[in-house]
Amino acid sequence: MYIMRKNKNKLPQVSTASLPDIVFILLFFFMTVTVMKNNALLVENTLPNAQEIEKLDKQDRVIDVVVGPPVKKYKSVLGSESRIQLNGNFAGVNEVGFHVFSELKKMPEQLQKVAIVSLKIDKRTQMGIVNDIKEELKEIGALKINYTTFEGDALSNLP
Amino acid sequence: MAIKRETPEVNAGSMADIAFLLLIFFLVTTTLETDAGLSRKLPTTNDPSKIKERNLFRVNLNGSNQLLVEGQVLDIKDLREEAIAFLDNGRLYSGDGYCSYCKGNRDDLSSDNPQKAIISLSNTRETNYGHYITVQNELVGAYNALRNREAMRIYRVSYEDLMADYEDGKLSQEDKAVFKAKIEKIRELFPKNLSEAELNSK
């Protein structure tokens with residue numbers, strides 16, 4: 001009774017003691033959401049432009065295959081012919097199938113059916129290597145592909 | 001003099017600030033990056049099913065990036081129009097396979113109906129990928145243009161808007177089914193028969 005009487009006309013201060021906890025929860029959320037992708041590109045990757053594009057907004061079902069001419073560092077060894085990069089390593093055409101297949105098997109089962117292979121191919125690449133990759137993908141049954149592009153005027157790809 | 005035995009408590013007041021700093025760091029580094037591009041479905045096998053030559057629209061891109069459409073050199077800028085004319089042709093005037101919504105010339109040497117019309121895109125190993133994507137873009141654009149037209153006619157909304165609303169994820173379960181049905185209907189009217197393999201006709 002005594003305490004109540006004392007504080008009768010004063011509102012108690014809002015406690016900020018739980019503020020760090022709230023912030024920590026937010027922090028953990030963003031920490032788990034952030035995917036620190038191994039983005040060290042070994043190849044140059046200037047994607048072509050296209051307008052009639054569809055978005056790949058669910059990243060959990062996307063398998064990347066990156067193709068392009070090697071960056072300066074490797075040019076003296078590998079030349080300027082386009083190379084394939086899988087998960088931060090150079091790879092040959094015959095490794096694409098195995099890589100995509102093993103990535104596919106890592107996914108939960110319901111995603112395996114809707115998995116998309118995102119082909120991030122430099123616009124200077126010649127179609128030969130692209131055809132080979134497509135053959136590899138056909139062989140393992142990864143039929144959904146996406147030619148990943150930038151959004152822009154497609155006619156600007158022409159020199 | 002009194003001797004302090006207890007170690008003073010660490011002030012936790014700055015905890016929130018530290019956490020905020022970390023939070024801001026992760027907020028900034030989180031790039032919910034969305035890739036976009038031309039989605040295609042690879043054919044399972046090169047089925048040598050019997051396709052009539054008139055139902056086949058051959059697009060060939062050679063090693064020096066020249067475009068050959070139905071045996072004639074064509075500028076890429078005109079490709080979309082040509083493809084639309086081919087898909088929308090609707091050769092048959094009546095009977096089975098008559099295309100009631102086609103607005104094409106009903107040319108005798110072009111496709112029977114959009115269901116039978118197939119675009120065959122072939123290329124050489126030397127073809128430049130950028131050119132290839134441009135051609136793909138134009139062909140997909142032709143399909144989208146026709147689908148938009150039909151969606152406008154039937155549902156008074158463009159196909160692109162239908163797709164955007166469907167993928168937005170703000171729809172209720174029932175609405176989603178309705179949208180899906182609409183999209184399937186439009187897709188049926190102009191199925192995307194775009195083959196990336198060399199096809200042989202009868």
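Which loop of chain B holds B:Asn65? B:Asn65 sits in the loop between strand E2 (56-61) and strand E3 (67-69) of chain B. Helices here (H or I, at least four residues) and strands (E, at least two) are DSSP runs, numbered from the N terminus.

## Ground rules

This is a predicted model, where local features need pLDDT of at least 70, side-chain atom pairs count only at pLDDT 80 or more, and totals for chains, interfaces and linings use all residues. Residues are numbered from 1 along each chain as its sequence is written, while chains are lettered from A and ligands numbered from 1 in the order in which they are written.

## Two asparagines with positive phi

B:Asn65 has a positive phi, near 60 degrees, without being a glycine. Most residues other than glycine have a negative phi. B:Asn65 counts as partly exposed because 19 other C-beta atoms lie within 10 Å. On that scale, 20 or more other C-beta atoms within 10 Å make a residue buried, 12 or fewer make it exposed, and anything in between is partly exposed, with C-beta atoms placed from the backbone.

Chain A has an asparagine of this kind too: A:Asn87, with a positive phi of about 50 degrees. A:Asn87 lies in the loop between strand E4 (83-86) and strand E5 (89-91) of chain A. With 13 C-beta neighbours inside 10 Å, A:Asn87 is partly exposed.

## Where the chains meet

Contact here means C-beta atoms, placed from the backbone, within 7 Å. By that rule, 44 residues of chain A are in contact with 40 residues of chain B. On the chain A side, the elements giving two or more residues are helix H2 (19-33), strand E2 (54-56), strand E6 (116-121), H6 and strand E7 (144-151). H2(A) gives the most, with 9 residues.

By class, that side of chain A has 23 nonpolar, 11 polar and 10 charged residues. The classes are simple: Ala, Val, Leu, Ile, Met, Phe, Trp, Tyr, Cys and Pro are nonpolar, Asp, Glu, Lys and Arg are charged, and the others, Gly among them, are polar.

## Helix packing

In chain A, the axes of H4 (residues 94-106) and H6 (residues 127-140) come within 8 Å and cross at roughly 45 degrees. Axes are lines fitted to C-alpha atoms, for helices over the stretch in contact, and angles run from 0 to 180 degrees between N-to-C directions. H4(A) and H6(A) are therefore oblique to each other; under 35 degrees would be roughly parallel, over 145 roughly antiparallel, 65 to 115 roughly perpendicular, and the rest is oblique. Among the residues that meet are A:Val96 and A:Phe101 in H4(A), and A:Ile133 and A:Leu137 in H6(A). The contact has 6 nonpolar, 1 polar and 2 charged residues.

In chain B, H2 (residues 79-87) and H3 pack at an angle of about 45 degrees with their axes 9 Å apart, so H2(B) is oblique to H3(B). Residues meeting there include B:Ala83 in H2(B) and B:Leu139 in H3(B). That contact divides into 9 nonpolar, 1 polar and 2 charged residues.

## The nonpolar core

A nonpolar core is a set of buried Ala, Val, Leu, Ile, Met, Phe, Trp, Tyr and Cys residues joined through C-beta atoms within 7 Å. The largest one has 51 residues, and A:Val65, A:Val117, B:Phe57 and B:Ala83 touch the most other members. Its largest share, 10 residues, comes from helix H3 (residues 129-155) of chain B. Not counting residues up to four places away in sequence, B:Phe57 touches residues including B:Glu70, B:Ala83 and B:Phe86.

Notes:
Two residues are in contact if their C-beta atoms, placed from the backbone, lie within 7 Å.
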